[in-house]
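Good morning. Please have the structure open as I talk.

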Amino acid sequence: MWALAALILLSGLIFWLWSCVFVLRSVAVQGGSLDAETIIAAAGVAQGESVFLLDEAAVRSGVDALGTVCLEEYQLRLPDKLVLRVRDREPAAMLPFDGKLLLIDGDGFAMELTEDAPDTDLLYLSGVEIPDFYAGQAVEDGEGRMALCWRIYAALDEMNATMYVSEIDLRDPIAPRIITRSGILAELDADALEAELGLMKAAVADLEARCACGGRLRVEGGSRADYSPGTAAT
């Protein structure tokens with residue numbers, strides 16, 4: 001009898017805690033430029049639901065699917081508060097897709113489609129075709145060209161050389177080409193990419209210091225760079 005009474009009391013306590021104490025009463029959004037209401041709606045959470053029913057993976061997926069922001073931290077503060085810390089995704093490149101331009105951030109994640117190129121110096125990616133994309137997810141082409149593209153971008157970014165580059169051309173992934181903002185066409189070899197990019201940066205910086213524009217720069221093995229003057233690259 002006492003055991004049954006204790007069980008009933010315990011069940012009542014659990015129900016009270018579940019429905020009256022551990023319920024979501026506050027959602028705080030930190031960081032980012034989007035308004036909190038948009039973030040919370042995308043997260044798919046609502047005040048009054050049990051905090052034990054919150055799905056972090058679903059919240060993260062919903063926020064990331066906005067494309068322009070990324071969920072950096074999901075923090076559940078018992079008994080009743082959820083904190084979402086987000087950051088704005090910054091576009092780093094643009095890729096032609098279905099007659100428009102797909103903006104991609106520096107981590108290779110899709111942001112949004114736009115009719116016109118932004119008024120910023122983004123890298124233009126050519127020679128890559130993607131079947132589809134999903135905002136907030138990595139852009140993939142199924143052939144490894146996007147992976148090569150971000151290998152190039154990461155190397156350029158690490159050596160502070162993105163400022164020199166206008167376009168990455170991967171029509172031939174074995175021999176990627178880079179067009180600089182001064183119109184120099186740099187020809188590389190995918191097998192020695194990082195070393196060749198470092199040499200390319202040094203050569204382009206030297207050429208631009210001497211007001212060179214256009215022409216062709218053949219980089220070989222990270223130890224030799226031959227420049228041939230000519231018309232601006234297209």
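**The sheet, strand by strand**

Nine strands make up an open sheet, and their order across it is E6-E5-E4-E7-E8-E9-E10-E11-E12, with mixed pairing. Strand E6, residues 110–114, and strand E12, residues 224–228, are at the edges; each has a single partner strand, so one side of each has no neighbour in the sheet. On average, neighbouring strands here are turned by 25° against each other, if direction is ignored. Keep in mind that this is a predicted model.

As a reminder, strands in a sheet pair through backbone hydrogen bonds, and the pairing is either parallel or antiparallel.

Strand E11, residues 216–220, pairs with E12 in the antiparallel sense, over five bridges.

Which strands does helix H5 touch? Helix H5, residues 193–209, packs on the sheet and touches E8, E9, E10, E11 and E12. The direction of H5 makes about 150° with that of E11.

Now to strand E7. Strand E4, residues 91–97, and strand E7, residues 123–126, pair in the parallel sense over two bridges. Met 94 stands opposite Tyr 124 in E7. E7 also runs parallel to E8, and three bridges join them. Tyr 124 turns up again here, with Glu 167 as its bridge partner in E8.

How values were computed:
Residues are numbered from 1 along each chain as its sequence is written. This is a predicted model: local features need pLDDT of at least 70, side-chain atom pairs count only at pLDDT 80 or more; totals for chains, interfaces and linings use all residues. Side-chain values use heavy atoms; hydrogens and water are left out. Two strands pair if DSSP finds at least two bridges between them. Helices (H or I, at least four residues) and strands (E, at least two) are DSSP runs, numbered from the N terminus. Axes are lines fitted to C-alpha atoms, for helices over the stretch in contact, and angles run from 0 to 180 degrees between N-to-C directions. Contact means heavy atoms within 4.5 Å.
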